[in-house]
Amino acid sequence: MFNIKNLLVSAFIALFFLLFSSFFVTSFAASKNLILATTTSTVDSGLLDFLIPIFEKQTGYTVKTIGVGSGMAIEMGRRGQADVLLVHSPKDEEKLVKDGFGINRQPVMHNDFVLLGSANDLAKVTSAKNVLEAFKNIASSGIPFISRGDSSGTHKKELSIWPKTNAVLSNTWYIEAGQGMGATLTIANQKNAYTISDRATYLAFKDKINLKILYEEVEAVRELPLLQNPYHVIEVNPEKFTTINYAGAKAFSDFLVSQKTQKLIENFGKDKFGGSLFFGDAKVSE
């Protein structure tokens with residue numbers, strides 16, 4: 001009886017350590033997995049395909065990238081479905097932080113938005129003196145305009161401009177795609193329509209479509225810098241969700257704002273497009 005009892009105790013202890021070891025290994029493995037929710041422009045432009053392998057090699061983390069509109073990415077952060085966000089919808093970002101779901105919001109980079117359309121430019125966007133006049137010309141012309149319509153940063157930027165023009169949007173010419181930037185460009189190209197895009201995604205798709213840049217902000221009209229496009233990294237607050245990989249999120253944030261990565265960001269695309277697709281904004285001290 002004594003031997004059986006000791007055998008059972010030994011078996012219990014062995015099982016305990018087996019389960020504990022399994023839990024530890026699983027937890028450790030999980031801690032090296034990182035979920036990044038981001039806007040489609042960082043994916044469509046190819047920037048993250050360039051940066052993430054470098055981050056993974058340096059840190060040992062494995063990044064799962066979910067490319068959606070910034071609005072959806074921020075909502076994923078609010079629900080605890082991502083560890084870190086890279087987005088470009090400033091007001092929504094600020095609200096996320098104010099509500100306590102996001103922490104350590106830091107500037108990473110910027111580029112700009114451009115108005116695109118076919119070369120014949122029937123709405124005479126190219127003759128506009130500023131971006132408001134360009135949007136007014138499109139509205140008054142009745143030529144189709146393809147909106148992303150997906151609560152993304154690009155969509156929010158577009159929606160912030162229309163009210164300033166006093167234009168009345170009509171479904172006879174204003175079409176919501178409900179798609180990412182790449183798909184929206186394809187639809188606009190098929191319909192010979194106007195649309196607004198971040199510059200990086202447009203340049204990445206330039207050879208696949210016939211759309212041209214018809215309006216862009218230049219230094220002479222930057223008194224109304226409505227087409228600026230800043231990106232921020234935000235860590236999801238681990239105090240809100242026990243499942244958040246905060247160490248990984250912080251490692252990714254630190255990577256993005258490091259001096260080396262900022263140089264990589266500014267040099268990305270130069271060889272192919274003849275200029276930077278993004279410009280670093282991080283305040284680095286190294």
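At what angle do the axes of helix H10 and helix H11 cross, and within what distance do they come? The model is predicted, with local features requiring pLDDT of at least 70 and side-chain atom pairs pLDDT 80 or more, while totals for chains, interfaces and linings use all residues. Residues are numbered from 1 along each chain as its sequence is written, and side-chain values use heavy atoms, leaving out hydrogens and water.

The axes of H10 (residues 246-257) and H11 (residues 259-267) cross at roughly 60 degrees and come within 5 Å. Helices (H or I, at least four residues) and strands (E, at least two) are DSSP runs numbered from the N terminus; axes are lines fitted to C-alpha atoms, for helices over the stretch in contact, with angles from 0 to 180 degrees between N-to-C directions. H10 and H11 are therefore oblique to each other, given that angles under 35 degrees count as roughly parallel, over 145 as roughly antiparallel, 65 to 115 as roughly perpendicular and the rest as oblique. Phe-255, Leu-256 and Val-257 of H10 make the contact (heavy atoms within 4.5 Å) with Gln-259, Thr-261, Gln-262 and Ile-265 of H11.

Helix H6 (residues 131-141) packs with H7 at about 80 degrees, the axes being 9 Å apart; H6 and H7 are therefore roughly perpendicular to each other. On the H6 side, Val-131, Leu-132, Phe-135, Lys-136, Ile-138 and Ala-139 meet Glu-158, Ile-161, Trp-162, Lys-164 and Thr-165 of H7. This contact comprises 7 nonpolar, 1 polar and 3 charged residues, where Ala, Val, Leu, Ile, Met, Phe, Trp, Tyr, Cys and Pro count as nonpolar, Asp, Glu, Lys and Arg as charged, and the others, Gly among them, as polar.

H7 also gives the most to the lining of the largest pocket, with 5 residues. The volume of this pocket is about 320 Å³. Among its 15 lining residues, Pro-90, Lys-91, Lys-156, Lys-157 and Ser-160 are the closest to its centre. A pocket is here an open set of points on a 1 Å grid where a 1.4 Å probe fits, with protein on both sides within 12 Å along at least five of seven lines, and lining residues have an atom within 4 Å of a point; volume is the space filled by probe spheres set on the points. At least two lining residues each come from helix H5 (90-98), helix H7 (153-165) and strand E9 (228-236). Because domain 1 (34-111 + 228-280) and domain 2 (112-216) both contribute to the lining, the largest pocket lies between them.

Note on methods: Domains from an automatic or database assignment.
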